[in-house]
Every structure is written in structure tokens, then in C-alpha cells.
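Please look over the sequence and the model below before reading on. The report that follows goes through a few local features.

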Amino acid sequence: MRNSLYKKNIISINDLKRDELELVLKKSAILKKKPEPGLLKNKIIASCFFEASTRTRLSFETAIYRLGASIIGFSDGNNISLSQKGESLEDTISVISSYVDAIIIRHPQEGSARLAAEFSNSIPIFNAGDGSNQHPTQTLLDLFTIKETQNRLNELNIAMVGDLKYGRTVHSLTQALAKYKKNKFFFISPDALTMPSYINDMLLENQISCTRCQNIEEIISEIDILYMTRVQKERLESTEYANSKSKFILHTKTLKNARNNLKILHPLPRIDEIDYDVDKTPYAWYFKQAANGIYARQAILSLVLIENHF
Amino acid sequence: MQINKLQVEAIKCGSVIDHIPSQIGFKLLSLFRFTETENRITIGLNLPSQKLGKKDIIKIENTFLSADQINQLAIYSPCATVNYIDQYNLVGKIFPKLPKKIDRILVCPNSNCVSHNNSINSSFIFIKKLNSMNLKCQYCEKEFSKNIVLS
């Protein structure tokens, strides 16, 4: 039976139905337990990074190699002849699509992956981040990690901390978890970096509980997932940054009343919002989360490229 | 009606967009690229109107607007009527309805949206909110209140 993700573009987490999310998570778990190194043998995948993103690129490339596929591409858009000669994104994608079986694209402009899909001649596009918009495979690996650590994706209390305004990972994860039942959200951010209204409206319309909190301590005993993000210095006035920063740094003492099942996630890179001592606690899960990216990306690549999966 | 006839000449065949809110006529001409034609266009601005007080009117000869074009008029001009004329007679009267999506006409307020590239047509879908109407860009997925996109 053809899986519903076959030949589908993976542009936005919003495009994936709940049963498609489940399919990816199920496949991720299988691949984590039992690698299938020949799954994408003879496939060629283009990795087109128009802006640098070492972690995502290496994670995708590792996933590709582990599935036995070959890879072509570039890791920095500034150093390729395409940009130096002024070729449009549309033409670039159109040409590359005639070489490969799938294209992974990272681009600084929002909507670029959607645009690429219009010019890829039905070759599947994987969005590896388009500006501040979407990064769907990050969300899939976040979901996989949450499910793995909590054994469920509903009835969870999730706190999101840091830059909730510009952080695309928290937007997408909230949208994805909103597809599940009885999840509760707690948002903790500086006033200048609160969750955008379209996310709050979506939660309100779906009657999903969300609470804005002042600090992590007040909700630490209630939460299952603490999703930390970096407060970006460049987004705030220097005095505001100095004031906000200290409020949102996670120390081991903050975790005093944490639930046993609490897991701390972070899309990385970490700057100073999680104290290094926290790494030694059983709650720290961000490096395992990053490692899970390989399995989630292996899963989505194989589901999109193999028709009769499962 | 008599006054309008004196000020804006009747057309033999084509479309008349009537009851456009005053000051919007020129905006519609450019946004909908009605001027990209060899056909004769007549425009009346600030004409007296019983319905609106003042109105604009656009007459385009030998051109019949598509259903999509007509419905897209509704975002700027919700009370507009589109009349089809043949041999100086009214042969059809259409009232635009707000469409589900609007292509090409609007500009995404997000300056980093890929739709600002020249070769791409913008595309928005309407999203009904509790007490308002939002527009969501199909490319960057950002949602804006209708007024922000239309201003």
C-alpha cells in the first residue's frame, strides 16, 4: 500500500496530518532500533544550503549516508556560482531537480521552500529551514523525542522559554502538539519576545490551554517538557537583554521541584541559557534530541522516496 | 443616473465596474492591472452615488472580467457591481463575493517573504477569525489582519 507521504513535499509542519506525523514517528523508532542501510540505495539527494547551517546539514547528510543514498550539493550559498552569476532560485531548483531524486533546501527567505516546490518538476522538496518560517524536520525530531521520553504526545504540560517571537521551532512545535489532545502550554519570554498572536489565536480557537508565566520556577513542578530557546541578544535593547537574560537562565537549583519525568529540550545551539551543570542532570535531553534528528530525517526521507513503505 | 451618463460615456460592449468606493478606482486600476490592455478604459471619480455618497466607476471596452477577478474586487470594493454590456444593453449584473484566496494583487507585508521576488505572484488565503478577517501568505505562512495587507 502506498504510504501517504510518498512523493510529498515536506515544506511546513502544518501540511502534515496527524496520522502522517504518527507514520514518521513510528518509522523513526524502527530505524533507531534497526538501521536499514540499503533503503535508499541508488537514490541521489541534493543538499542545497543557501545559508550556512552546520548542524542541520550534517544531520541530513548523515541520515542520507545511513540510508545508502548519495549526496550532491553545497553548504553555503555565497560561495556557489549560482548566486555569483545571479541565477534565480526558481531556475536553480529547476536545473537541480533534473539531476536528483529529492532536494533539501535551506534558504534565508521565508517561503523559499514553497517556491522551490513549484519549480522542482514533482521532485520532492524538504524544507531545512526557510528564514524564520518553518523547519519541519526539527519539529519531527522534537515530537519523536517527546514521544520517546514521555511515551505519549497528549496530556502533556509543556513550557517554552526564551525567544518565542522569532523562534520558529517553538511555533511549529506548538502547532504540531496542538493536533493532540489535552496538552497544556506555558510560555515564558521577555515582553518583547512573546508568542505571536496567530499562535495564541490558534490555541484559543482550539480551546487549548496556554498560560504566560514570569519565570520557570513557578511552573517547574507541573511540567513534563521544558523547551528552552536562546534569547537573541540582537533582538533586544541592551538593558532589556541584561534584565531578561538572568531571568531565563536555567540552573540546577531551578530544577529542585521538577517532576521525575521532566525532560529539557533545546533546538541548539546553546549560548548561555542553560548552565553547563544542568547537562549532568537526568533532565538534560538536548544532545539526545539532536541525535534523534538523524532518525527522524531518515524516516521522512525514506517515507517520501519509497512508495510501499510499511 | 442622468448625471453619471453625462460624465462617463456609455460603452457599446464590455464591463462596467460600478459602486467602487470613492478614491479606490485608481487603486483598482493598478492593482488589477486593468490598464494592461489596448482597449479603451473610461474612469469616473467622485461621482455622486445614492448608495455610497460618492463613488468611482471603471468602464473597460471589449473586456469581460473573469469570475476570479470579479470576486477579488470584493476585498477593496465590497459593494461593487460588475455589469456586462452588449450593444449598449445590460446583459449581466454580478455582485462580487469575497473569494477564498487572492492571487497576484496584494503585497506581503513581510519584507523577507520570497514572494517579493519579481517573478513570483503573491498568494493569500482568507482566514475568518472570531471578530475579524485575516490574510495568510501562502509562501511565508505569516498571517496578517486584512487592514495591514490592504494598506
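The sections below cover the basis of the model, a surface patch and some backbone features.

## Basis of the model

This is a predicted model, in which local features need pLDDT of at least 70, side-chain atom pairs count only at pLDDT 80 or more, and totals for chains, interfaces and linings use all residues. Residues are numbered from 1 along each chain as its sequence is written, chains are lettered from A and ligands numbered from 1 in the order in which they are written, and side-chain values use heavy atoms, with hydrogens and water left out.

## A nonpolar patch on chain A

A:I44, A:I72, A:V95 and A:Y99 together form a nonpolar surface patch with about 340 Å² of accessible area. Such a patch joins nonpolar side chains (Val, Leu, Ile, Met, Phe, Trp, Tyr) within 5 Å, from residues with over 30% relative accessible area and no salt bridge, a salt bridge being a side-chain nitrogen of Lys or Arg within 4 Å of a carboxyl oxygen of Asp or Glu; the areas come from the Shrake-Rupley method with a 1.4 Å probe.

A:Y99 sits in the loop between α4 (89–96) and β3 (102–107) of chain A, where helices (H or I, at least four residues) and strands (E, at least two) are DSSP runs. A:Y99 counts as exposed because its relative accessibility is 53%, exposed meaning over 50%.

## Backbone features

Most residues other than glycine have a negative phi, and most peptide bonds are trans. The bond from A:L268 to A:P269, however, is cis, with omega near 10°, and A:P269 lies in the loop between β9 (263–265) and α10 (286–305) of chain A.

In chain B, B:Q23 has a positive phi near 80° and lies in the loop between β1 (14–21) and α2 (25–31). B:Y88, with a positive phi of about 65°, is placed in the loop between β4 (81–86) and β5 (89–94).

Methods:
Patch = residues over 30% accessible without salt bridge, like charges linked within 9 Å, V, L, I, M, F, W, Y side chains within 5 Å. Buried < 20%, exposed > 50% of the residue type's maximum accessible area, 1.4 Å probe, protein only.
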